[in-house]
Amino acid sequence: MAKFSKKTVDSIISTILQGKTIKAALKELNISFQTWSNWIGKDAELLNRYHQAKISALDYELSTIKEELNQLCIDAKDVKGVSMARVNAMKLKQGQVQYELSKLMPKTYGTTQQISLNNADNEPLVISWKS
């Protein structure tokens, strides 16, 4: 079992910030996922750092996608056009990042909307039909 240390944790967080997966980060340091799960299960601050690192990495990835889409639009003005493979790859990449962000930050990036109605006593509104 790997030893928990600030250096090890900083290395994992740094790898995540570079856009690599947790699997890749743990493999580089020869740490099992179970060990990592135990660490973040016992340390709320570490869990928060990990969560923030994933969000930052995905935010960076979104900005990269935006730049690539801008370049794609410029290239599309060329007479030779843009290959459909490139367009489809961008769609897949954007969809994956959107999905991951919707799981990490559903209120900001989620696709579902929820409305809740409460009465003056802050109880949920209940509608019933009499038969």
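Guide: This is a predicted model. Its largest pocket holds about 350 Å³ of space. The lining has 16 residues, and those closest to the pocket centre are Gly19, Lys20, Lys54, Leu58 and Glu100. By type, the lining splits into 8 nonpolar, 3 polar and 5 charged residues.

Two helices each give at least two residues to this lining: helix 4 (44-76) and helix 5 (84-104). Helix 5 provides the largest share, 6 residues.

Now the packing of that pair. The axes of helix 4 and helix 5 lie 10 Å apart, at an angle of about 155 degrees. Angles over 145 degrees count as roughly antiparallel, so helix 4 is roughly antiparallel to helix 5. Their crossing is left-handed. On the helix 4 side, the contact includes His51, Lys54, Ile55, Leu58 and Glu61. On the helix 5 side, Arg86, Val87, Met90, Val97 and Glu100 are among the residues involved. This contact comprises 11 nonpolar, 3 polar and 7 charged residues.

Helix 4 has another partner. Helix 3 (residues 33-42) packs against helix 4 at about 115 degrees, with the axes 5 Å apart. The two are therefore roughly perpendicular. Trp36, Trp39, Ile40 and Lys42 of helix 3 meet Ala44, Leu46, Leu47 and Tyr50 of helix 4. That contact has 7 nonpolar residues, no polar ones and 1 charged.

Key:
Residues are numbered from 1 along each chain as its sequence is written. This is a predicted model: local features need pLDDT of at least 70, side-chain atom pairs count only at pLDDT 80 or more; totals for chains, interfaces and linings use all residues. Side-chain values use heavy atoms; hydrogens and water are left out. On a 1 Å grid over the protein atoms alone, a cavity is a set of points where a 1.4 Å probe fits but cannot get out, and a pocket is an open set with protein on both sides within 12 Å along at least five of seven lines; lining residues have an atom within 4 Å of a point. Grid points are joined across faces, edges and corners, and a volume is the space filled by probe spheres set on the points. Helices (H or I, at least four residues) and strands (E, at least two) are DSSP runs, numbered from the N terminus. Ala, Val, Leu, Ile, Met, Phe, Trp, Tyr, Cys and Pro count as nonpolar, Asp, Glu, Lys and Arg as charged, and the others, Gly among them, as polar. Axes are lines fitted to C-alpha atoms, for helices over the stretch in contact, and angles run from 0 to 180 degrees between N-to-C directions. Angles under 35 degrees count as roughly parallel, over 145 as roughly antiparallel, 65 to 115 as roughly perpendicular and the rest as oblique. Contact means heavy atoms within 4.5 Å. A crossing is left-handed if the near helix is turned anticlockwise from the far one by less than a right angle, and right-handed if clockwise.
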